Amino acid sequence: MFYRDERLALFIDGSNLYAAAKALGFDIDYKLLRAEFMRRGKLLRAFYYTALLENEEYSPIRPLVDWLNYNGFTMVTKAAKEFTDSTGRRKVKGNMDIELAVDAMELAPHVDHIVLFSGDGDFRPLLESLQRQGVRVSVVSTIRSQPPMIADELRRQCDNFIELEELRDVIGRPPREDAHTE
């Protein structure tokens, strides 16, 4: 439930939203996403969190990051760490949970409603704290993928769960074949 006069902020966990949309077989059109939530309330901020590989010549996510930066999103990025796991596989680690949580706590006194685009159960204590501060919290993720992309405890904690699949016609576009960006 959204109220037209409420102050909204979007917090997008980039890799989590990308994975959920990919599991459902569509890409997010961020221009449409921003427009949709501007219709639902007074959108104060739209944050997008992602880790970037600093040492690569070309990062597949760079065009999206640049576009979002010029089109009304507040970008929060940090360098991803590359490492080799115990099986010898190259892995990339770039968790943005703490940055997202700190920003949400700082913005809480200035908003009525926060929309979190993530199914990560680690955010449950953040939701509890925001709610104690009088902020309503909606979570956008999906239970329609196998396995579901939203942690059960997060879904139970939020004030409003928005099934990403139900937003497909409003904010989605068919996936591009060459796309492997966030």
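The model is predicted, so local features need pLDDT of at least 70 and side-chain atom pairs pLDDT 80 or more, while totals for chains, interfaces and linings use all residues. Residues are numbered from 1 along each chain as its sequence is written, and side-chain values use heavy atoms, without hydrogens and water.

I then turned to aromatic pairs. Rings of Phe, Tyr and Trp (its six-membered ring) pair if their centres lie within 6.5 Å; planes under 30 degrees apart count as stacked, over 60 as edge-to-face and the rest as tilted. A search of the whole structure gives 7 such pairs. Phe11 and Phe47 are stacked, because their ring centres are 4.9 Å apart and their planes stand at 20°. Phe11 belongs to strand E1 (residues 7–13) and Phe47 to strand E3 (residues 42–52), 36 residues apart; strands are DSSP runs of E with at least two residues, helices runs of H or I with at least four, numbered from the N terminus. I noted that both Phe11 and Phe47 are buried (under 20% relative accessible area; exposed is over 50%, partly exposed in between, with a 1.4 Å probe and protein chains only).

Next I checked Tyr30 and Tyr48, which pair edge-to-face at 5.6 Å centre to centre and 85° between the planes. Tyr30 lies in helix H2 (residues 30–40) and Tyr48 in strand E3, so the pair ties together parts 18 residues apart in sequence. Tyr48 counts as buried at 0% relative accessibility.

Last, I found Phe2, Phe37 and Phe117 linked into a cluster by ring pairs.
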